[in-house]
Every structure is written in C-alpha cells, then in structure tokens.
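Hi,

Have a look at it first, then read on.

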Amino acid sequence: TVPQTVPKVKPPIKVVGDVSGKIAIFVDDMIDEAGTFINAARLLKTHGATNCYVMVTHGILSGMAPEELAECDDIDEVVVCNTTPIGDKTVRCPKLKVIDVSIMIAEAIRRIHNGESMAHLYQNIRGDD
C-alpha cells in the first residue's frame with residue numbers, strides 16, 4: 001500500500017521587530033503559489049513597512065500566481081532568475097523582473113569541468129552585472 005501524504009502545514013506568519021518605515025525583502029529558493037508572499041507582504045505593510053520586494057531563484061509561478069501578484073498592492077516587485085521557463089508570466093505580471101543567470105551558470109560549469117576555482121565568480125561581481 002502507498003502511504004498517505006500529509007499536506008504541508010505552514011505556521012502562522014508573525015512580525016518580529018519594528019518594520020515601520022522599513023523596506024522588506026523576501027528571499028526564497030522558489031515561488032510557486034503566491035499566497036504566502038502576499039499574506040506576508042500584507043502583514044508587513046499593515047505594520048508600517050514602506051515597500052515589499054520578493055526575490056527568488058526559481059520563478060515557477062503556477063496557475064494564477066502571476067495575476068495574484070500583479071493585483072497585490074502590497075508587493076512592489078518580484079525578481080526571479082531565468083532558471084525555469086518564464087513564458088508569458090512577465091506579461092501577466094508587470095511587477096515580475098527576470099535576471100539572466102545563464103552566463104554565470106555556464107562559467108560555473110566551465111570552471112568545475114576544468115578544475116578551476118569557483119571563488120572568481122563571487123569576487124569579481126560588478127554593480128552592472
């Protein structure tokens with residue numbers, strides 16, 4: 001028999017510290033559904049945060065997530081990397097910005113293949129990269 005899966009239970013969101021007049025930046029590995037980010041931004045804005053930005057590596061954005069983010073006045077911008085296909089999601093959510101990491105990943109693969117140091121990738125980053 002196949003064991004039953006247990007749905008993921010998310011703990012309640014709490015604000016720790018004073019966010020009044022501050023900029024909130026959410027950093028995560030991925031965004032699939034938008035609900036948690038929207039709820040967190042709403043909570044922080046009600047506690048006085050001036051802006052809320054979402055920055056994630058993988059922008060999965062399933063279903064109506066792009067539209068939900070676009071309609072959320074509490075989130076100012078969503079930044080993702082192009083590690084997954086983006087398709088029409090930037091059209092569906094004008095707040096969505098995509099960072100191209102293909103050159104960095106290609107260089108990392110080249111360095112690993114040639115047995116070179118990866119430190120160079122992190123020590124020589126310019127502001128316009």
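Glu67 sits in helix H2, where helices (H or I, at least four residues) and strands (E, at least two) are DSSP runs, numbered from the N terminus. Glu67 counts as buried because its relative accessibility is 18%; buried means under 20% relative accessible area, exposed over 50%, and partly exposed in between (1.4 Å probe, protein chains only). Its C-alpha atom is 10.0 Å from that of Thr90, a residue 23 places apart from Glu67 along the chain.

Before you go further, please keep in mind that this is a predicted model: local features need pLDDT of at least 70, side-chain atom pairs count only at pLDDT 80 or more, and totals for chains, interfaces and linings use all residues. Residues are numbered from 1 along each chain as its sequence is written, and side-chain values use heavy atoms, with hydrogens and water left out.

**The chain as a whole**

The protein chain has 5 helices and 4 strands, and their order along the sequence is β-α-β-α-β-α-β-α-α. Its radius of gyration is 18 Å, whereas a compact globule of 129 residues would be near 14 Å. That radius is taken over C-alpha atoms, and the globule rule is 2.2 Å times the number of residues to the power 0.38. Along the principal axes, the C-alpha atoms fill a box of roughly 55 × 50 × 35 Å.

Of the 129 residues, 29% are buried. The chain exposes about 8,900 Å², and carbon and sulfur atoms supply 58% of that area; accessible areas come from the Shrake-Rupley method with a 1.4 Å probe, and for residues only the protein chains shown count as cover. As for contacts (heavy atoms within 4.5 Å), among those between residues at least 6 apart in sequence, 59% join residues at least 24 apart.

There are 13 positive and 18 negative side chains, and the centres of the two sets are 3 Å apart. Here Lys and Arg count as positive and Asp and Glu as negative, while His and the chain ends are not counted. The place of a charge is NZ of Lys, CZ of Arg, CG of Asp or CD of Glu.

**The core**

Which residues have the most contacts inside the largest nonpolar core? They are Phe26, Ile31, Val54, Leu69 and Ile75, in a core of 24 residues. At least two core residues come from each of strand S1 (23-31), helix H1 (35-46), strand S2 (51-59), helix H2 (65-71) and strand S3 (77-81). H1 gives the most, with 5 residues. By nonpolar core I mean a set of buried Ala, Val, Leu, Ile, Met, Phe, Trp, Tyr and Cys residues joined through side-chain atoms within 4.5 Å. In soluble globular proteins, nonpolar side chains tend to be buried together.

Setting aside neighbours within four places in sequence, Phe26 is in contact with Phe37, Ala40, Ala41, Leu44, Cys52, Tyr53, Val54 and Met55.

**Some single residues to look up**

- Leu61 lies in the loop between S2 and H2. Leu61 is not a glycine, yet has a positive phi of about 50°. Most residues other than glycine have a negative phi. Leu61 counts as buried because its relative accessibility is 3%.
- His58 belongs to strand S2 and is partly exposed, because its relative accessible area is 31%. Not counting residues up to four places away in sequence, His58 touches Asp29, Met30, Ile31, Thr83 and Thr84. The C-alpha atoms of His58 and Ala106 are separated by 17 Å, with the two residues 48 apart along the chain.
- His47 is in the loop between H1 and S2, and at a relative accessible area of 42% His47 is partly exposed. Leaving out neighbours within four places in sequence, Val15, Val19 and Ser20 are in contact with His47.
- Glu116 is in the loop between helix H4 (102-113) and helix H5 (119-123). Its relative accessibility of 32% makes Glu116 partly exposed. Beyond neighbours within four places in sequence, Glu116 is in contact with Arg110 and Arg111.
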